[in-house]
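Read it alongside the sequence and the coordinates.

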Amino acid sequence: MKIKDLKELLVHELKDLHSAERQLLKALPKMAAAATYPRLKQTFEDHLAETEEQVVRLEKLLASMDQKASGTHCAAMEGLIAEGTDMIDGEAPAFVKDAGLISCAQRVEHYEIAAYGCARAFARELGLEHVVKTLSASFDEELDADQSLTEIAEAAINPNAVPSNRP
Ligand SMILES: [Fe+2]
Ligand SMILES: [Fe+2]
């Protein structure tokens, strides 16, 4: 990999994010199917719809910079999804599995928050205001998804996942 300046690095980051989001498009329906708690299922489904839009945003951004979206594979997302798949395939009581799915999903959200945050900082430095604006929309959706998962976990999942024989 050869990158000569911040603009090329931004393009690389956008392609990497595109790969990450496309991998997530396939994983989120499986997360939704594996979740038991209805609000958690709904959160995964809602974020799937947002993810579809995020993919389109990245494609439009790359096209506006005369770049193709293909050519980069996000290895980090592959690993995060592999951990999610282990949790999906694992055996656990419903609330415990839901807590585990949330833990996997929040790792994904934090990765995306970091990636969008860095890409946006590069775009801001480069004076690419339309890129900053578009990336902010996706960044905010990732923050909201992360926050929703925290709320569901703390209010409804974790308290029900404690050992049943606890004194
Ligand atoms: Fe995303
Ligand atoms: Fe996300």
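This is a predicted model: local features need pLDDT of at least 70, side-chain atom pairs count only at pLDDT 80 or more; totals for chains, interfaces and linings use all residues.

Residues are numbered from 1 along each chain as its sequence is written, while chains are lettered from A and ligands numbered from 1 in the order in which they are written. The protein has five helices and zero strands; helices (H or I, at least four residues) and strands (E, at least two) are DSSP runs, numbered from the N terminus.

**Overall build**

- The order of elements from the N terminus is α-α-α-α-α.
- The C-alpha trace spans about 60 × 25 × 25 Å along its principal axes.
- The protein has 167 residues, of which 35% count as buried; a residue is buried if 20 or more other C-beta atoms lie within 10 Å of its own, exposed if 12 or fewer, and partly exposed in between, with C-beta atoms placed from the backbone.
- Of the contacts between residues at least 6 apart in sequence, 77% join residues at least 24 apart; two residues are in contact if their C-beta atoms, placed from the backbone, lie within 7 Å.

**Helices H2 and H4**

- H2 has 27 residues and reaches 39 Å from its first C-alpha to its last, close to the 39 Å expected at 1.5 Å a residue; the expected span is 1.5 Å times one less than the number of residues.
- Helix H4 (residues 94–125) has 32 residues and a first-to-last C-alpha reach of 46 Å, close to the 46 Å expected at 1.5 Å a residue.
- After H2 comes Asp66, with a positive phi near 55°, and after H4 comes Gly127, with a positive phi near 75°.
- Leu40, Thr43, Phe44, His47, Thr51, Gln54, Leu58 and Leu61 are the buried residues of H2. These buried residues pack against H1, H4 and helix H5 (129–157).

**H1 against H2**

- Helix H1 (residues 6–34) and helix H2 (residues 38–64) pack at an angle of about 155°, with their axes 9 Å apart. Axes are lines fitted to C-alpha atoms, for helices over the stretch in contact, and angles run from 0 to 180 degrees between N-to-C directions.
- H1 and H2 are therefore roughly antiparallel (angles under 35 degrees count as roughly parallel, over 145 as roughly antiparallel, 65 to 115 as roughly perpendicular and the rest as oblique).
- The contact of H1 with H2 has 14 nonpolar, four polar and seven charged residues. Ala, Val, Leu, Ile, Met, Phe, Trp, Tyr, Cys and Pro count as nonpolar, Asp, Glu, Lys and Arg as charged, and the others, Gly among them, as polar.

**H1 against H4**

- H1 and H4 pack at about 160°, with their axes 10 Å apart, which makes H1 roughly antiparallel to H4.
- On the H1 side the contact includes Leu6, Leu17 and Met31, and on the H4 side it includes Lys97, Val108 and Phe122.
- The residues of this contact divide into 18 nonpolar, no polar and five charged.

**Ile88**

- Ile88 lies in helix H3 (residues 75–89) and is partly exposed, with 18 other C-beta atoms within 10 Å.
- Leaving aside neighbours within four places in sequence, Ile88 is in contact with Lys30, Met31 and Ala34.
- The C-alpha atoms of Ile88 and Glu78, ten residues apart along the chain, are separated by 15 Å.
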